[in-house]
Amino acid sequence: MKLILATNNRNKVREIREILGGHFEEILSLSEAGIVHETVEDGTTFAENAMKKAKEIAEISGMAALADDSGISVDALGGAPGVYSARFAGEHGDDKKNTDLLLEKLAGESDRGAHYTAAVALVYPDGHAVTAEGYLFGRIADAPRGKGGFGYDPVFIPEGDARTLAEYTEEEKNAISHRARALAALLEKLGA
């Protein structure tokens, strides 16, 4: 079965293909499928946003669509930035500005606890949907480190490690990430 990913984010497409590659005949990004569409992410939870994106793309394409919504929640900020992670500093997808603002808000803060959440939704053309969530707990570093990953990875240190996710190899990250855990839970629900 072909699968359309409700994203053009190259990093997410690469990660999802690496994790789900053996389970689908072909995995296409929106642009590869010839779809120009942007979902308004107005849900109050990651799961609501993922479902909305997947449903819209399944309806437009007539094919199975997978969407994820993910972000970071910081304890000292009352769970912020949460669903606003990608646009925390105002402009959507500016990783450096988002990370800089997060570090600025945490300056002098001793509670650095945080977790990543990923919600995934797989919606079939007939409307049938399967959802799952994954989490990765850790803490926020004092300064960015590492060259890999994306988003908040340069400042996120997983529990039990001293490295940031940006210091992990892709294989190491894909073995433990919130997205990998959500996709594994989805595959389990699908019986794969």
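Strands β1 and β2 pair in the parallel sense over three bridges; two strands count as paired if DSSP finds at least two bridges between them. Strands (E, at least two residues) and helices (H or I, at least four residues) are DSSP runs numbered from the N terminus. The model is a predicted one, in which local features need pLDDT of at least 70 and side-chain atom pairs count only at pLDDT 80 or more, while totals for chains, interfaces and linings use all residues. Residues are numbered from 1 along each chain as its sequence is written, and side-chain values use heavy atoms, with hydrogens and water left out.

**The sheet**

The open sheet has six strands in the order β2-β1-β3-β4-β5-β6, with mixed pairing. Because β2 (26-28) and β6 (156-158) stand at the edges with a single partner strand each, one side of each is left without a neighbour in the sheet. Neighbouring strands are turned by 35° against each other on average, direction ignored. Helix α1 packs on this sheet, touching β1, β2 and β3, and its direction makes about 115° with that of β3. Axes are lines fitted to C-alpha atoms, for helices over the stretch in contact, and angles run from 0 to 180 degrees between N-to-C directions.

**The nonpolar cores**

A nonpolar core is a set of buried Ala, Val, Leu, Ile, Met, Phe, Trp, Tyr and Cys residues joined through side-chain atoms within 4.5 Å. Buried means under 20% relative accessible area, exposed over 50%, and partly exposed in between (1.4 Å probe, protein chains only).

| Core | Residues | Members include |
|---|---|---|
| Largest | 21 residues | Leu3, Leu20, Leu66, Leu183 and Leu186 |
| Second, separate | 16 residues | Tyr116, Ile140, Tyr152 and Val155 |

Contact means heavy atoms within 4.5 Å. Not counting residues up to four places away in sequence, leucine 66 touches a set of residues that includes Leu3, Leu20, Val120, Leu183 and Leu186.

**Two further sites**

Lysine 12 is placed in helix α1 and counts as buried because its relative accessibility is 12%. Leaving aside neighbours within four places in sequence, lysine 12 is in contact with Thr7, Asp68, Ser70, Phe150 and Arg179.

Alanine 80 and proline 81 are joined by a cis peptide bond, with omega about 0°. Proline 81 is in the loop between β3 and α3 (95-105).
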